[in-house]
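Student: I would like to learn how to read covalent links and nonpolar packing from a set of coordinates. Could we work through an example together?

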Amino acid sequence: QVQLVESGGGLVQAGGSLRLSCAASGSIFSINAMGWYRQAPGKQRELVAIITSSNSTNYADSVRGRFTISRDNAKNTVYLQMNSLKPEDTAVYYCNAHVVVVTLIRSYYWGQGTQVTVSS
């Protein structure tokens with residue numbers, strides 16, 4: 001019913017920047033919170049940043065001041081601007097959205113993930 005498609009990952013040198021995008025499509029009535037998570041090899045998936053429907057944001061301590069999350073409600077899209085990247089930011093980044101579909105059922109959806117690799 002709902003698909004999340006991420007883009008914007010890639011390989012970048014330490015200190016560089018990347019911008020991730022995640023577009024939601026399907027039988028969407030509204031979207032509540034949207035967020036970005038990441039999972040490095042051998043580690044658990046962790047929250048990176050989250051943004052509510054009223055644009056309140058929260059960040060993991062490890063990225064606060066370097067990453068910025070934003071959303072375009074008209075496009076059902078969430079972004080993650082990542083600056084001053086470090087090798088420890090290397091991970092697969094996943095988009096997550098709390099969606100209300102047209103039948104008014106609420107569910108969480110995940111994107112397929114996009115690889116971010118930061119070289120030292």
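**Reading a disulfide and a core**

Tutor: In this predicted model, Cys22 and Cys95 are joined as a disulfide, with 2.1 Å between their sulfur atoms.

Student: What is a disulfide in general, and how many does the structure hold?

Tutor: A disulfide is a covalent bond that connects the sulfur atoms of two cysteines. The structure holds one disulfide, and the link of Cys22 and Cys95 is left-handed, with -80° about the S-S bond.

Student: Which strands does the pair tie together?

Tutor: Cys22 belongs to strand S3 (residues 18-26) and Cys95 to strand S9 (residues 91-101), so the bond ties together parts that lie 73 residues apart in sequence.

Student: Are the two cysteines, Cys22 and Cys95, buried or exposed?

Tutor: Cys22 counts as buried because its relative accessibility is 0%, and Cys95 is likewise buried, with a relative accessible area of 0%.

Student: How should I read the nonpolar core, and which residues have the most contacts inside it?

Tutor: The general idea is that nonpolar side chains in soluble globular proteins tend to be buried together. Here the largest nonpolar core has 33 residues, and those with the most contacts inside it are Trp36, Leu80, Met82 and Tyr93. Among the elements that give two or more residues to this core are S3, strand S4 (28-39), strand S8 (77-82) and S9, and S9 gives the most, with six residues.

Student: Which residues does Tyr93 touch?

Tutor: Leaving aside residues up to four places away in sequence, Tyr93 touches a set that includes Trp36, Leu80 and Met82, as well as Glu6, Arg38 and Thr114.

Terms used
Residues are numbered from 1 along each chain as its sequence is written. This is a predicted model: local features need pLDDT of at least 70, side-chain atom pairs count only at pLDDT 80 or more; totals for chains, interfaces and linings use all residues. Side-chain values use heavy atoms; hydrogens and water are left out. A disulfide is a pair of cysteine sulfur atoms within 2.5 Å. Helices (H or I, at least four residues) and strands (E, at least two) are DSSP runs, numbered from the N terminus. Buried means under 20% relative accessible area, exposed over 50%, partly exposed in between (1.4 Å probe, protein chains only). A nonpolar core is a set of buried Ala, Val, Leu, Ile, Met, Phe, Trp, Tyr and Cys residues joined through side-chain atoms within 4.5 Å. Contact means heavy atoms within 4.5 Å.
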